Amino acid sequence: MGNCCDRAANFFGPQKNTNVRVSLPAVCFVWQIAMIILFGVFIRYDKESDAHWPETKREENITSDVENDFYFRYPSFQDVHVMIFVGFGFLMTFLKRYSFSSVGFNFLIASFGLQWALLMQGWFHSLDPETGKIYIGVESLINADFCCAGSLIAYGAILGKVSPVQLLVVTLFGVTLFAVEEYIILDLLHCRDAGGSMVIHCFGGYYGLAISWVLYRPNLHQSKRLQGSNYNSDLFAMIGTLFLWMFWPSFNSAITDHGDGQHRAAINTYIALASSVLTAVAISSMSQKRGKLDMVHIQNASLAGAVAMGTAAEFMITPYGSLIVGFCMGIISTFGYLFVTPFLERVFKIQDTCGVHNLHAVPGMLGGFIGAIVAAAASEEVYSKEGLINTFDLEGEFADRSLGTQGGFQAAGTCVSIAFGLIGGALVGFILKFPIWGDPADDHCFDDEAYWELPEDEETIPPVLEYNNHMIHKQQDISESNFSVDQS
């Protein structure tokens, strides 16, 4: 028995080798060639992006090119695209020695993920049974970006501890799981989730946390000197926060119905975001003896209101209701960074680098349940009969569904997203434990040098002032400030 345990330990935990000269190019080339083949077989332009558009205009009595969906959706697509590639990427640059990887690997996995998402979502949502083709337009691009967001959220939980090859595997399975759970929640259960509280944030958060739990590193303290931030890295991360904060109303309203629903989603998100900033600042200041602010809280908890507003954004939650959601989420998220993140690491062995539990998983879960409550409480007096049908898409086989039943299905959809995230993440984490992916050793985590050529003046890192760490609960004693010298 002892020999078996020793062999297992040697298999899953040999000396780490970060040389990905063969594996990374092989995966990139093979998977990109596979995308080219699959796109050639399945993907085609839809009627609004095809060269036959003039004929479509005649047949459908469309008088102007302005009625093409491109002109309605492209501004929102631009905003969402900036969030995916700039917002998410720069938000993760807080680590003092991991900015290249934060932005560069975010770029890599989003670029692969959006291609795989167009295929996966196409097979589940828009495959033409007669031709066997997937027809894509500008809304398909928005949905593909949404699909990538789940994997990028998961990346935040394992930031600094995995190789680029592992991240591509996380994205491959993450996009696949996302497409399946999205189909179950939106099509089979017929839930409404325009901003993705359930299908994006809740799923992505718990997916990343489950992977991090399986990949737990008991000796991660060997990289402690690199886990914190410095002044410049926090400033870059704040740029990511501001991009996300400004464009989140577009994120939550991008695929809602034209007209009042889209308008309302943008307003509700805008208000919730503003509210969460004030409560995040308040709790951050209250948590320190001298009332100083922690940049971790401002970078992250200030966005929690938008995450929780995703499901209910297009509902008649009222402006003051949106303020209440943002108010509560700013408090809950900040308390999560102060107390829950260190508790998860100490008790459940979950090393959540970016604190996705507090920004995505819990606000996404609560957002799903908030949407369920608001849906169940909807009435014809508030929405009008036609408004109820449009908002909750109560047509066809769902025309006789009561609003109480709709609320129940909304809550069930949230549970489905949690289950897919936890179970799928655990399975993917086990795959990532195989010693073939080139992940860094415990004393070489959170360091760009493992996978990037660095400028000469960055080859060594002297002792630095470490004042910001997403994974450690900083208890301030009687000292005059939060700063402490970390000796390497």
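This is a predicted model: local features need pLDDT of at least 70, side-chain atom pairs count only at pLDDT 80 or more; totals for chains, interfaces and linings use all residues.
The lining of the largest pocket draws at least two residues from each of helix 5 (99-126), strand 2 (134-136), helix 6, helix 7 (164-188) and helix 8 (197-214). Residues are numbered from 1 along each chain as its sequence is written, and side-chain values use heavy atoms, with hydrogens and water left out.

**The largest pocket**

- About 800 Å³ of space lies in this pocket.
- A pocket here is an open set of points on a 1 Å grid over the protein atoms alone, with protein on both sides within 12 Å along at least five of seven lines, and lining residues have an atom within 4 Å of a point.
- Its lining has 30 residues, and His125, Glu139, Asn143, Leu186 and Ile255 lie nearest the centre.
- Sorted by class, that lining has 12 nonpolar, nine polar and nine charged residues.
- Helices (H or I, at least four residues) and strands (E, at least two) are DSSP runs, numbered from the N terminus.

**The largest cavity**

- There are three cavities of 30 Å³ or more in the structure, a cavity being a set of grid points where a 1.4 Å probe fits but cannot get out.
- The largest cavity holds about 100 Å³ of space.
- Of the 13 residues lining the largest cavity, Leu91, Met92, Cys354, Val356 and His360 lie nearest its centre.
- Helix 4, helix 6 and helix 15 (356-376) are the elements that give two or more residues to this lining.
- The lining of the largest cavity splits into nine nonpolar, four polar and no charged residues.

**The nonpolar core**

- The largest nonpolar core has 111 residues, and Trp248 and Phe392 have the most contacts inside it.
- Such a core is a set of buried Ala, Val, Leu, Ile, Met, Phe, Trp, Tyr and Cys residues joined through side-chain atoms within 4.5 Å.
- Helix 6 (residues 138-157) gives the most to this core, with 11 residues.
- Leaving aside residues up to four places away in sequence, Trp248 touches (heavy atoms within 4.5 Å) Met83, His201, Thr269, Leu273, Leu303, Ala306 and Val307.

**Salt bridges**

- The structure has 11 salt bridges, each a side-chain nitrogen of Lys or Arg within 4 Å of a carboxyl oxygen of Asp or Glu.
- Arg217 pairs with Asp442, their closest N and O atoms being 2.7 Å apart.
- Arg217 lies in the loop between helix 8 and helix 9 (224-227) and Asp442 in the loop between helix 18 (403-432) and strand 3 (464-466), so this pair ties together parts 225 residues apart in sequence.
- Both Arg217 and Asp442 are buried, where buried means under 20% relative accessible area, exposed over 50% and partly exposed in between (1.4 Å probe, protein chains only).
- Salt bridges with shared partners join Asp69, Arg73 and Glu139 into one network.
- Asp69 and Arg73 both sit in helix 4 (residues 69-91), four residues apart, about one turn of the helix.
- Arg192 forms a salt bridge with Asp257, with 3.9 Å between the closest N and O atoms.
- Arg192 is buried, with a relative accessible area of 15%, whereas Asp257 is partly exposed at 39%.

Methods: Grid points are joined across faces, edges and corners, and a volume is the space filled by probe spheres set on the points. Ala, Val, Leu, Ile, Met, Phe, Trp, Tyr, Cys and Pro count as nonpolar, Asp, Glu, Lys and Arg as charged, and the others, Gly among them, as polar.
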